Each structure stands twice: as structure tokens, then as C-alpha cells.
Amino acid sequence: MTAATMRAWRSATAGLDHLEQIDAPIPAPAAAEALVRVETAALNFSDLLMIDDRYQVRPPRPFIPGQEVAGTVVSAGEHSGLAVGQRVASKVLWGGFADYVAVRGDMAIRIPDGISTAAASALPVVYTTSMVALTESTKVKPGETVLVLAAAGGVGLAAVEIARHLGARVIAAAGGEDKCALAKAHGAHEAIDYRNEGWSEQVKKLSGGHGADVIVDPVGGAAAKEAIRVMAWEGRFLVIGFTSGEIPQIPANRLLLKRAAAIGVYWNHDRDTAMLARVSARLAEHLRAGAIRPHIGATFAFDQLPDALRALGDRKTTGKVTIDLTHEAAR
């Protein structure tokens, strides 16, 4: 690596096995962007989909994957609203698995004092998604029952914390005792292992027969179909993703008979500027209140990115999986 280049992971051909580490030119930020030295890059399931050409965003190949970063501004465009030396976390369209990345000023979140870059790297995607889901796509009310699927994952743990802070009764559904315990440690009132047959009946019992007013579903597949069975009257089923690999066929008759709604949770900075400003303000408030405590389930070294992505895809991790670009070896 020379002074004008940086380490980066490149995807030239679809598939995780084809990722290659290269020396790449350091990006030149535009007027509305800042160049950030990446200290932590966070992984998302959508990274796997993008690398496999199965995501709705398909960058032209070859490209540098990675959509969630945290680090320090080293140069700032005149219209970026950022300054050299600021610590920021940001979503990027791609390009995050590298030593440097150009970040749009309107996507950047200033990192509060006392918050590590590793913890902050969880904010731009999973915490923003969960906050959009529970305060914008619908508005969770105090006393409502919120069922969170994959509650020990990145989006799931964020949803557990946010729903609890909003005053909801939170039931976490996760795969295994350890993951259920983690969800409870982050605020879930109850946790159930949704690998057990008929687990939805436990949700009914725990809610006194009422069911779930809001269901947070980043999973899809069989778990989604089972969860819909216990949706309450006028319930809201929040569709966030399909980490199971299966897009469920939502039974419209169940929505009809319970006057319920299925709501897609999706956002982007170009269309949702005002909404995301509200969400960022809420995230900052939750951070100050101590309601948000990002859980970093695993940290890998930069050279170990393919292993980190495989661990995420195999569901061997909890919370956020991150890449530490400040050390040669994983902590």
C-alpha cells in the first residue's frame, strides 16, 4: 500500500468466495461529502446479498462492498457540513470495507463523546431501521405488546431496546437459550425459543390471549407465517427483511379478520430526509438516556472479512459483527 492507496476488499465476480483484498485509490470526496478514515466497519445481511447480486442495489462491478462505517473525518467538502477531526458514523451505498470512504454529509451521524466507534457503527443501519419501524412506519404506544423475531440479531436487539424504551411489553423470539438470555439482558420482558414447534402459543399465553400488537420481522420464512397467527386485533406486521432466505406469502385472510396491516419498512436518504432527521434526533435522545446499548457480538480483523461475512450468514453471531481496521489481529 502506497501513500495514495488504501486497503480495500473488492467484489469483481458474484459470490463471497471471489472477494479479494487489493490496494485501491483513496476516494476523492465531492463538495457535499467528507473523506472518513474508517476505524470500524459493521456488517449487514444486505452485504451478503449485494455481493451475491441478490440485493435491490446492484453496484457496477468491480466494487468495494460495505454499507456501515464509523471513523474520523480527514478532509471535508465545503458543502458537507462536516469538519476535519469530527468522529462520525454513516451509512454508505457501498465502499465501507476499506481504510477510507467518502461519506455524504446528510448521511453522517456525529458520534457523541464517550461512545466508541464500534458501538456507533451500529447506528446508521440497524438502529435507524428499528427506529423507523417503531416510530415512523407505525407508532408503538405504551402498554402495547411488541413481538420481535430474530431478537438477538442486529435489527432485533435494536428493536427490543427501542420498543422497551417506548413503554411496550416486549416479547423476544430467538434461536436458543443464549440468544434468548441476551435479548432479555437488552430489555425484553419475556423471551421464547422460536425453534420449538408451536412457539406462537407461548406468545398468546404470555400476552394473556391478546396477541402481539406489533410484530417486528427481519426474518421472513416460516417464522413470519407462525408469528402472524398471534397478531392482535388491529395489529401491525412490520416487514423488515428476509434473512431466512424465504419471502413469506402473507395470508391476507388473517389481515382481513383482524383488521390488521402488513407494512414494509424501507427508507433512503434521498427521499426521506425530514424523516431521518427526526429519527437521528430520537437516536441521540435514546443514547443520552442509556436506552441504546449496541451489542458487538464479534469483532474481526480487516484481513478476516470473508470469515466475518460467513459467520453472519451462518447465524453464528449475535448483535452487530464488526471489522476493526485499527489493529492487525482481531480482539
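Analyst: Start with the cavity. Its lining consists of Ala122, Tyr127, Gly153, Gly154, Leu157, Ala158, Pro294, His295, Gly319 and Lys320. This is a predicted model, where local features need pLDDT of at least 70, side-chain atom pairs count only at pLDDT 80 or more, and totals for chains, interfaces and linings use all residues. Residues are numbered from 1 along each chain as its sequence is written, and side-chain values use heavy atoms, with hydrogens and water left out.

User: What makes a space a cavity, and what makes a residue part of the lining?

Analyst: A cavity is a set of points, on a 1 Å grid over the protein atoms alone, where a 1.4 Å probe fits but cannot get out; lining residues have an atom within 4 Å of a point. Grid points are joined across faces, edges and corners, and the volume is the space filled by probe spheres set on the points. The count is 1 cavity of 30 Å³ or more. The largest cavity holds about 40 Å³.

User: Which helix gives the most to that lining?

Analyst: Helix 4, residues 154–165, with 3 residues. Helices here are DSSP runs (H or I, at least four residues), strands are runs of E (at least two), and both are numbered from the N terminus.

User: How is the lining of the largest cavity split by class?

Analyst: It has 5 nonpolar, 4 polar and 1 charged residues. Ala, Val, Leu, Ile, Met, Phe, Trp, Tyr, Cys and Pro count as nonpolar, Asp, Glu, Lys and Arg as charged, and the others, Gly among them, as polar.

User: How many aromatic pairs does the structure hold?

Analyst: There are 2. In one, the ring centres of Trp9 and Phe302 are 6.2 Å apart and the planes meet at 45 degrees, so this pair is tilted. The rule: rings of Phe, Tyr and Trp (its six-membered ring) pair if their centres lie within 6.5 Å, and planes under 30 degrees apart are stacked, over 60 edge-to-face, the rest tilted. The two partners are 293 residues apart: Trp9 is in strand 1 (residues 5–11), and Phe302 is in the loop between strand 14 (296–301) and helix 10 (305–313).

User: Why is Trp9 called buried?

Analyst: Buried means under 20% relative accessible area, exposed over 50%, and partly exposed in between (1.4 Å probe, protein chains only). Trp9 has 6%, so it is buried. Phe302 has 2%, so it is buried too.

User: What makes the pair of Tyr194 and Trp199 edge-to-face?

Analyst: The angle between their planes is 70 degrees, and the centres are 6.0 Å apart. Trp199 has a relative accessible area of 4%, so it is buried.

User: Which charged end sits over the ring of Phe302?

Analyst: That of Arg7, 4.4 Å from the ring centre. The test asks for NZ of Lys or CZ of Arg within 6 Å of the ring centre and within 35 degrees of the ring normal.

User: How do you know that strand 1 and strand 2 pair?

Analyst: Two strands pair if DSSP finds at least two bridges between them. Strand 1 and strand 2 (residues 19–25) have 7 bridges, in the antiparallel sense. Trp9 stands opposite Gln21 in strand 2. Strand 1 is mostly covered, with 6 of its 7 residues buried.

User: Why is strand 12 called largely enclosed?

Analyst: Because 7 of the 9 residues of strand 12 (residues 231–239) are buried. Strand 11 (residues 212–217) pairs with strand 12 in the parallel sense, over 5 bridges. Val214 has Arg236 as its bridge partner in strand 12.

User: Is Asp53 buried, exposed or partly exposed?

Analyst: Asp53 has a relative accessible area of 28%, so it is partly exposed. Asp53 lies in the loop between helix 1 and strand 4. Its phi is near 60 degrees, a positive value in a residue other than glycine.

User: What else is in that loop?

Analyst: Pro62 is found in the loop between helix 1 (45–51) and strand 4 (68–76). The peptide bond from Arg61 to Pro62 is cis, with omega near -5 degrees. Most residues other than glycine have a negative phi, and most peptide bonds are trans.

User: Is Gln249 buried or exposed?

Analyst: Its relative accessibility is 63%, so Gln249 counts as exposed. Gln249 lies in the loop between strand 12 and helix 8 (252–257).

Terms used. On a 1 Å grid over the protein atoms alone, a cavity is a set of points where a 1.4 Å probe fits but cannot get out, and a pocket is an open set with protein on both sides within 12 Å along at least five of seven lines; lining residues have an atom within 4 Å of a point.
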